[in-house]
Amino acid sequence: MKLNKDDIKKALETISIAGEGQNIVDSGALQNIVTFGDEVIVDLKLSTPALHIKKRAEVDVMKAIHEHVYKKAKVEVKISVEAPQKKNVNEIKGKPIPGIQNIIAVASGKGGVGKSTVTANLAVTLSNLGFKVGLLDADIYGPSGPIMFDVANEKPLSVTKDGKSKMKPIESYGVKLLSIGFFTKPDQAVIWRGPMAAKALNQMIFDADWGELDFLLVDLPPGTGDIHLSIMQSMPITGALIVSTPQNVALADAKKAVSMFQQESINVPVLGICENMAYFTPAELPDNKYYIFGEKGAKYLAEDLGVPFLGEIPLVQSLRESGDIGRPAALQKGTALSESFAELTRNTVQEVVNRNKNLPPTEAIKITTMAGCSAVKNKKI
Ligand SMILES: Nc1ncnc2c1ncn2[C@@H]1O[C@H](COP(=O)(O)OP(=O)(O)OP(=O)(O)O)[C@@H](O)[C@H]1O
């Protein structure tokens with residue numbers, strides 16, 4: 001007697017794994033059927049290691065083949081178990097924002113290392129490459145977005161979208177910008193700290209008319225504090241980019257920032273580390289490099305932590321000047337500086353692509369516990 005695989009498959013469509021609604025063919029549990037004369041081997045893949053469910057599946061398969069195909073068939077059932085990955089229930093993730101494909105948080109740990117300068121230049125370089133880019137300046141301690149984009153005197157207007165009043169980001173050099181700086185005077189910044197700042201940020205995230213964006217860059221305040229948590233609770237961050245100088249004190253804080261994003265309860269993929277102020281080259285000695293803050297410290301840190309190194313930006317007077325006059329230096333094409341930013345941008349985009357290919361899409365997870373917050377505070381970093 002030669003057994004027919006289609007008959008066996010049909011027979012197996014009559015049974016299901018305990019606790020699952022679909023039959024074992026439709027549910028994907030059936031992996032393979034092999035026949036030799038009156039012998040048949042059925043491969044099943046189950047999502048549970050529970051012994052009684054495995055036993056029941058084995059018996060059901062035998063019964064179905066004996067009843068529907070051939071009652072003297074010699075049946076062997078091979079069962080493998082592949083448990084679905086457990087979700088971290090304490091994970092801190094906010095709601096996705098419709099229309100926004102990727103959200104990149106730019107963090108530094110230490111203040112003054114050039115996080116905002118790197119973010120602004122990354123934003124204009126992405127925009128020049130044809131991406132739709134937004135920048136949320138969430139640095140409540142020193143919002144510099146409005147100055148760096150030469151829009152310090154502007155105020156976001158209110159527009160009506162789908163019957164709701166929304167804040168319209170200010171557009172400059174092709175980048176849509178919202179900054180806590182639009183709503184504060186420099187000497188008032190302190191009042192925005194804490195819950196008020198978190199509330200204002202939420203409005204800039206959800207009550208703003210960002211439209212369609214390929215990338216929303218979020219310029220975080222220095223450190224690893226409450227604002228970081230509140231941003232991560234508010235929106236699903238695709239990945240984090242860490243900026244550091246090669247100096248030891250900055251590297252120690254950059255390490256803390258990496259560690260914060262990699263906390264189990266936060267679990268934001270770190271796209272990589274960018275080394276800012278990597279070296280100084282005087283205009284009159286273009287071949288000389290002076291490692292004022294140390295040599296390749298951030299590169300070595302990235303290697304140590306097993307995260308990508310995204311690029312190095314030199315210490316250049318014109319970069320500081322361009323920030324102060326509100327015209328990001330990367331806009332000036334064909335310079336060594338714009339090439340450094342182009343390299344950083346290419347690597348960052350590549351890491352976002354890798355991240356989206358290898359990891360599940362960012363999900364909206366409701367916060368049901370504050371475990372994440374205490375975990376951050378308790379973790380030795
Ligand atoms: N590579 C560079 N070459 C020259 N100047 C730089 C460079 N990077 C940043 N700067 C200057 O250093 C200063 C601090 O930079 P920036 O404000 O970007 O730092 P930050 O890390 O965002 O600071 P904060 O602590 O406010 O978040 C600014 O005056 C900026 O113009």
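Colleague: In which strand does Met277 lie?

Modeller: This is a predicted model, and in it the strand to look for covers residues 270-280. Met277 lies within that run, in strand E12.

Colleague: Is Met277 buried or exposed, and what is its phi?

Modeller: A residue counts as buried if 20 or more other C-beta atoms lie within 10 Å of its own, and Met277 has 25 such neighbours, so Met277 is buried. Its backbone has a positive phi although the residue is other than glycine, and the value is near 55°.

Colleague: Where is Tyr173 found, and how many other C-beta atoms lie within 10 Å of Tyr173?

Modeller: Tyr173 is not a glycine, yet it has a positive phi of about 50°. This residue is found in the loop between E8 and strand E9, the latter spanning 175-179. Tyr173 is buried, because the number of other C-beta atoms within 10 Å is 20.

Colleague: At what angle do the axes of helix H3 and helix H10 cross, and are the two roughly parallel or roughly perpendicular?

Modeller: The axes of H3 (residues 115-128) and H10 (residues 336-358) come within 9 Å and cross at roughly 75°. Since angles of 65 to 115 degrees count as roughly perpendicular, the two helices are therefore roughly perpendicular to each other.

Colleague: Which residues make that contact, and how many of them are nonpolar, polar and charged?

Modeller: From H3 the contact takes Asn121, Leu122, Thr125 and Leu126, while H10 supplies Phe341, Ala342, Leu344, Thr345 and Thr348. Sorted by kind, the residues of the contact of H3 with H10 comprise 5 nonpolar, 4 polar and no charged.

Colleague: How far does helix H7 reach, and which of its residues are buried?

Modeller: Helix H7 runs over residues 248-262, and its 15 residues reach 21 Å from the first C-alpha to the last, close to the 21 Å expected at 1.5 Å a residue. In an α-helix there are 3.6 residues a turn, so residues three or four places apart point the same way. The buried residues of H7 are Ala250, Leu251, Asp253, Ala254, Ala257, Val258, Met260 and Phe261.

Colleague: Which element of the protein has the lowest mean pLDDT, and over which residues is the pLDDT below 50?

Modeller: The protein averages a pLDDT of 85, with 88% of the residues scoring at least 70. The stretch with pLDDT below 50, which has 29 contacts in the model beyond near neighbours in sequence, is residues 363-381.

How values were computed:
Residues are numbered from 1 along each chain as its sequence is written. This is a predicted model: local features need pLDDT of at least 70, side-chain atom pairs count only at pLDDT 80 or more; totals for chains, interfaces and linings use all residues. Helices (H or I, at least four residues) and strands (E, at least two) are DSSP runs, numbered from the N terminus. The expected span of a helix is 1.5 Å times one less than its number of residues. A residue is buried if 20 or more other C-beta atoms lie within 10 Å of its own, exposed if 12 or fewer, and partly exposed in between; C-beta atoms are placed from the backbone. Axes are lines fitted to C-alpha atoms, for helices over the stretch in contact, and angles run from 0 to 180 degrees between N-to-C directions. Angles under 35 degrees count as roughly parallel, over 145 as roughly antiparallel, 65 to 115 as roughly perpendicular and the rest as oblique. Two residues are in contact if their C-beta atoms, placed from the backbone, lie within 7 Å. Ala, Val, Leu, Ile, Met, Phe, Trp, Tyr, Cys and Pro count as nonpolar, Asp, Glu, Lys and Arg as charged, and the others, Gly among them, as polar. pLDDT is the predictor's confidence in each residue, from 0 to 100.
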